[in-house]
Amino acid sequence: MVKILRIIVIIILMLQVFGRVNSSTESALTVLPDSWKFAVVSDTQNDNWDISAGSCVNRNILTLIAVDISVQMPEFVIVCGDLVNGWLRHNGKSYREQYMDWMAAMAPVLGSGIRVFTVRGNHDAGPELYVVRPLCEELDLMPGSLEQLKQAYIAVIADGLIPFAGPEGEEGLTWSFVFRDACFIGLDQYTGRQHLVNQDWLDKRLAANDRTHLFIFGHEPAFRADYRDNLSFFPAERNRFWDSIAQSGAGIYFCGHDHFYNRAVVPDSKGNSVRQIVCGTGGGDLQRWSGRYGERKRVKGEFHNNEYFGYVMVTVEGPVVTVQWKALVDPENSTWQVLDEFSYSAGRERTESGGYAQNMR
């Protein structure tokens with residue numbers, strides 16, 4: 001089975017070579033028609049404690065998601081981390097084999113010629129060092145294993161998919177690219193200290209941006225939802241991060257980590273609003289949460305669902321951005337339904353709520 005998966009991955013990677021982003025500079029993707037779209041998904045790992053079959057990817061759910069995305073034919077897919085179990089509950093399966101399994105599950109997307117860009121999550125990077133330490137005995141790691149995990153991610157995922165256009169020391173981990181009139185920035189939050197981004201590099205990249213649309217991606221929420229380990233562990237740095245993206249015109253910060261879908265609007269220090277969209281519904285066990293943010297005086301929750309797996313589809317048409325969360329309401333029959341939808345116009349006053357569709361449930 002492993003040999004077959006390796007063959008599949010090799011074929012996929014060969015297909016990717018023809019669309020490889022330049023490894024030394026930020027690259028613009030091919031210009032396509034005025035209306036275009038991209039998909040976002042996160043947390044595709046298998047969280048089941050019983051992984052006797054050796055799967056560290058929720059192959060059933062991820063394959064269904066990949067098939068539906070391939071039918072929609074977006075320009076690319078962005079994955080906000082926790083691709084595999086990684087260091088946690090891997091049942092002896094090598095890191096490289098885990099990522100090869102992930103590539104195989106994403107074959108419907110990759111085989112359709114749809115580009116994929118990923119950032120690491122905590123499963124892809126290593127155990128949490130600040131909130132839940134020390135590690136219990138069964139989670140302790142062998143010396144050198146985290147470097148092996150990083151190198152497996154780079155070898156199987158980053159080398160074939162990611163533009164190597166980030167800051168020094170974060171090649172293949174933090175990245176940016178431009179597509180038509182949009183700038184995309186993916187942020188690694190585990191190089192150096194956890195729960196932080198490379199703010200100096202980000203500030204320079206934002207200052208250089210001349211595109212109308214700005215989309216930011218990371219694994220951890222900037223404002224705590226359920227899990228305690230997130231960017232808000234360092235509130236001053238988090239606030240600087242939020243101010244920087246809000247004042248540069250970002251409309252959305254996409255993340256995962258928490259295994260549900262949530263949309264909230266959060267102002268920066270000057271009243272500019274950005275939406276935090278948690279879309280950790282790619283396969284990890286769905287989790288219960290009240291929907292009440294700890295910083296609820298500042299964070300206004302707009303929509304929440306923890307019942308279904310799913311992914312986000314974003315459509316850009318001129319200045320207008322429409323975001324849909326597609327829920328897998330019936331996995332056995334692969335039935336999908338849009339349960340959340342909203343739109344905004346880039347360049348509008350950031351404090352306006354503007355044009356939200358009602359809950360479609």
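Predicted model: local features only at pLDDT ≥ 70, side-chain atom pairs only at ≥ 80, totals over all residues.

Which residue of β2 is the bridge partner of Phe38? The partner is Phe76.

**The open sheet**
- The sheet is open and has 6 strands in the order β3-β2-β1-β11-β12-β13, with mixed pairing.
- From one strand to the next, the twist averages 20°.
- Strands β1 (residues 35-41) and β2 (residues 76-79) run parallel and are joined by 4 bridges.
- Helix α2 (residues 59-72) packs on the sheet and touches β1, β2, β11 (310-317), β12 (320-330) and β13. The direction of α2 makes about 20° with that of β11.

**Contact between α7 and α8**
- Helix α7 (residues 199-208) and helix α8 (residues 235-246) have axes that come within 10 Å and cross at roughly 10°; the two helices are therefore roughly parallel to each other.
- On the α7 side, the contact is made by Gln199, Asp200, Leu202, Asp203 and Leu206, and on the α8 side by Arg240, Phe241, Ser244 and Ile245.
- These contact residues divide into 4 nonpolar, 2 polar and 3 charged.

**The two faces of α7**
- Gln199, Trp201, Leu202, Arg205 and Leu206 are the buried residues of α7. Seen down the helix axis, they fall within an arc of 155°, so they line one face of α7.
- The buried residues of α7 pack against β4 (175-179), β5 (182-186), β6 (213-217) and α8.
- Exposed residues Asp200, Lys204, Ala207 and Ala208 lie on the face of α7 turned away from its buried side.

Note on methods: Residues numbered from 1 in each chain as written. Heavy atoms only, no water. Axes fitted to C-alpha atoms, helices over the stretch in contact; angles between N-to-C directions. Parallel < 35°, antiparallel > 145°, perpendicular 65-115°, else oblique. Contact = heavy atoms within 4.5 Å. Nonpolar A, V, L, I, M, F, W, Y, C, P; charged D, E, K, R; others polar. Buried < 20%, exposed > 50% of the residue type's maximum accessible area, 1.4 Å probe, protein only. Arc of directions from axis to C-beta. Pairing = 2+ DSSP bridges.
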